[in-house]
Amino acid sequence: MPNSKTDPELQGGSPHKPNGIEGLAVVIPAYKVQHLAETLESFCAQTDPRFRVYLADDCSPSDLESVVAPFKDRLNLVYRRFSENLGQTSLVQHWDRAIAMSEEPWIWLFSDDDVVSPDCIARFRHCLGEARESMCLYRFQCECIDAEGRSVPGVDPTDYPAKQAWDCLLCTSD
């Protein structure tokens with residue numbers, strides 16, 4: 001697995017220091033530009049700001065950095081553009097190097113075309129406080145939404161082939 005201390009592709013960014021009492025890294029392995037602004041906007045709306053977003057650009061042909069730039073003053077955000085597109089041959093390798101950007105003890109692997117409800121991180125922290133010793137993996141309830149943000153009834157977000165039927169995923173805390 002890549003390591004930010006030994007891999008030159010991961011060196012030279014912002015200092016990676018855990019933030020808050022329990023550091024939470026929201027890691028976004030990114031390639032698509034279509035819903036990226038909405039994804040980042042949904043993190044700006046969080047009621048609990050104790051997290052850092054790591055956006056790992058998988059050598060996208062789109063200018064992801066110009067989409068990310070306006071959020072740098074609104075989010076605790078680390079952006080890194082990689083010189084090689086790993087996702088086309090091994091999506092897991094791209095996820096690995098994206099995760100290696102972070103040093104926080106908690107990692108939330110997130111998609112570049114999903115949005116999150118405003119209280120999701122607050123609810124995660126609440127659950128973490130209640131089940132600190134017994135939980136190491138959390139799964140949020142999800143609902144499929146269309147490009148306008150409307151719920152798509154009858155589509156199971158865990159049914160991957162059904163992903164063709166929707167544009168975004170909304171992670172909720174209910």
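**Chat about a predicted model**

Trainee: Which helix gives the largest share of the nonpolar patch?
Mentor: Helix H3, residues 91-99, supplies 3 residues, the largest share of that patch. Keep in mind that this is a predicted model.

Trainee: OK, and which residues make the patch?
Mentor: Leu 91, Val 92, Trp 95 and Leu 109 make it, and the nonpolar surface comes to about 340 Å².

Trainee: Take Val 92. Where is it, then?
Mentor: Val 92 sits in helix H3. Its relative accessible area is 47%, so Val 92 counts as partly exposed.

Trainee: Let's step back. How many helices and strands are in the chain?
Mentor: There are 4 helices and 7 strands. Read from the N terminus, the order of elements is β-α-β-α-β-α-β-β-α-β-β.

Trainee: And how much of the chain is buried?
Mentor: The chain has 174 residues, and 45% of them count as buried. The chain exposes about 9,300 Å², with 53% of that supplied by carbon and sulfur atoms.

Trainee: What share of the contacts comes from residues 24 or more positions apart?
Mentor: Counting contacts in the chain with a separation of 6 or more, 74% are between residues 24 or more positions apart.

Trainee: Now the sheet. What is the strand order in the open sheet of 4 strands?
Mentor: The order is E3-E2-E1-E4, and the pairing is parallel.

Trainee: Which strands stand at the edges?
Mentor: Strand E3 (77-81) and strand E4 (106-109) do. Each has a single partner strand, so one side of each is without a neighbour in the sheet. From one strand to the next, the twist averages 20 degrees.

Trainee: How many bridges join E2 and E3?
Mentor: Strand E2, residues 52-57, pairs with E3 in the parallel sense over 5 bridges.

Trainee: Which strands does helix H1 lie across?
Mentor: Helix H1 (residues 36-44) lies across strand E1 (24-30), E2, E3 and E4, and its angle to E2 is about 165 degrees. Helix H3 lies across E1, E2 and E4, at about 140 degrees to E1.

Trainee: Something else: what is the phi of Cys 59?
Mentor: Cys 59 has a positive phi of about 55 degrees, although it is not a glycine. Cys 59 is in the loop between E2 and helix H2 (64-68). With a relative accessible area of 25%, Cys 59 is partly exposed.

Trainee: On to charges. How many salt bridges are there?
Mentor: The structure holds 8 salt bridges. One of them joins Asp 113 and Lys 32, whose closest N and O atoms are 3.6 Å apart.

Trainee: How far apart in sequence are the parts tied together by that pair?
Mentor: Asp 113 lies in the loop between E4 and strand E5 (115-116), and Lys 32 in the loop between E1 and H1, so the pair ties together parts that are 81 residues apart in sequence.

Trainee: Is Asp 113 buried or exposed?
Mentor: Asp 113 is buried, since its relative accessible area is 8% and the limit for buried is under 20%. Lys 32, at 39%, is partly exposed.

Trainee: Which residues are in the salt-bridge network with Lys 32?
Mentor: Asp 112 and Asp 113 are linked with Lys 32 in that network.

How values were computed
Residues are numbered from 1 along each chain as its sequence is written. This is a predicted model: local features need pLDDT of at least 70, side-chain atom pairs count only at pLDDT 80 or more; totals for chains, interfaces and linings use all residues. Side-chain values use heavy atoms; hydrogens and water are left out. Patches are made of residues with over 30% relative accessible area and no salt bridge: like charges are joined within 9 Å, nonpolar side chains (Val, Leu, Ile, Met, Phe, Trp, Tyr) within 5 Å. Accessible areas come from the Shrake-Rupley method with a 1.4 Å probe; for residues, only the protein chains shown count as cover. A salt bridge is a side-chain nitrogen of Lys or Arg within 4 Å of a carboxyl oxygen of Asp or Glu. Helices (H or I, at least four residues) and strands (E, at least two) are DSSP runs, numbered from the N terminus. Buried means under 20% relative accessible area, exposed over 50%, partly exposed in between (1.4 Å probe, protein chains only). Contact means heavy atoms within 4.5 Å. Two strands pair if DSSP finds at least two bridges between them. Axes are lines fitted to C-alpha atoms, for helices over the stretch in contact, and angles run from 0 to 180 degrees between N-to-C directions.
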